[in-house]
Amino acid sequence: MNRPILPAGASGATYFIKGFELIRTKGLRRFVLLPLSVNLVLFSVAFYWLFQQLSQWIDQLMASLPDWLSWLDWALWPLAVVTVLVVFSFIFSSVMNWIAAPFNGLLAEQVERRLTGKTVNDDSFTDVLKDLPRVLGREWQKLKYYLPRALLLLILFVIPGIGQTFAPVIWFMFSAWMMAIQYLDYPFDNHKIHFGVMRTALGERKGPAFTFGAAVAAFAMIPVVNLVVMPVAICGATALWVDQYRNPTLSRL
């Protein structure tokens with residue numbers, strides 16, 4: 001039996017922090033740098049486009065305001081930039097999960113191999129390409145799980161008395177759970193474990209999954225830092241899988 005990566009009782013958030021160490025592991029860097037480079041290029045292009053649009057939006061807004069409110073110009077820019085950064089961070093992370101899904105699965109596979117000394121898959125590059133439809137189909141399953149619940153929770157924001165108090169807290173808790181599902185699914189999926197079985201396994205051990213997801217969600221809201229959240233979360237999720245989910249789940253199959 002492999003030695004535990006972290007002491008028994010370690011929280012899921014601790015595994016996320018462990019991911020910062022794992023991405024620097026020799027032999028893993030090339031698997032981290034590829035999706036990270038794609039992430040950085042796409043983020044830079046998308047943010048440049050958004051910044052150009054933001055300038056036009058501010059100009060149009062200021063043109064519609066009366067002259068006595070012209071002083072708002074200096075306040076609108078920093079407020080708009082911060083708002084766009086936070087909102088864009090969430091949207092960008094969601095899009096990147098689709099684009100980088102094949103790379104993410106490969107990274108999770110390599111991390112598990114180094115942590116356990118066991119090969120997860122022995123697929124050739126051709127096999128990986130053939131598996132792309134199934135990998136993207138898995139992302140679609142996550143999206144189908146996410147969308148109806150997200151839309152239902154968004155309704156809370158327009159309910160008087162709830163929208164300003166409880167809705168943000170509930171939304172963060174839901175985001176944390178979705179982050180756990182998003183990233184812990186990669187090591188589960190590498191073993192071809194059904195999406196429903198994965199959700200059941202996380203439900204049986206909600207504590208580590210939820211605290212891991214909460215850490216990911218918190219760091220994902222930080223501009224620039226969110227650029228490295230994806231590989232860090234994958235490494236941390238794989239370590240969490242190895243320590244707390246791997247043996248109980250595989251023993252049932």
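I started with Tyr-183 and looked up what it touches, skipping residues up to four places away in sequence: Asn-97, Phe-212, Val-216, Met-230, Ala-233, Ile-234 and Ala-237. Contact here means heavy atoms within 4.5 Å.

Ground rules before going on. I'm working on a predicted model, where local features need pLDDT of at least 70 and side-chain atom pairs count only at pLDDT 80 or more, while totals for chains, interfaces and linings use all residues. Residues are numbered from 1 along each chain as its sequence is written, and side-chain values use heavy atoms, with hydrogens and water left out.

**The core**

Next I looked up the largest nonpolar core, which has 53 residues; Tyr-183 and Leu-202 have the most contacts inside it. Such a core is a set of buried Ala, Val, Leu, Ile, Met, Phe, Trp, Tyr and Cys residues joined through side-chain atoms within 4.5 Å. Buried means under 20% relative accessible area, exposed over 50%, and partly exposed in between (1.4 Å probe, protein chains only). Which element gives the most to this core? I found that α10 does, with twelve residues. Helices (H or I, at least four residues) and strands (E, at least two) are DSSP runs, numbered from the N terminus.

**Ring pairs**

I then checked the aromatic pairs. Rings of Phe, Tyr and Trp (its six-membered ring) pair if their centres lie within 6.5 Å; planes under 30 degrees apart count as stacked, over 60 as edge-to-face and the rest as tilted. By this rule I get ten aromatic pairs. Phe-16 and Phe-212 have ring centres 6.3 Å apart and planes at 70°, so this pair is edge-to-face. Phe-16 is in helix α1 (residues 12–22) and Phe-212 in helix α9 (residues 206–220), so the pair ties together parts 196 residues apart in sequence. Both of these Phe residues are buried.

Back to Tyr-183: it makes a tilted pair with Tyr-186, 6.3 Å centre to centre with 50° between the planes. Both tyrosines lie in helix α7 (residues 167–190), three residues apart, about one turn of the helix.

**Charges over rings**

A charge sits over a ring if NZ of Lys or CZ of Arg is within 6 Å of the ring centre and within 35 degrees of the ring normal. Lys-142 lies over the face of Tyr-186, 4.2 Å from the ring centre. Over the ring of Tyr-145 I found the charged end of Arg-149, 3.9 Å from the centre.
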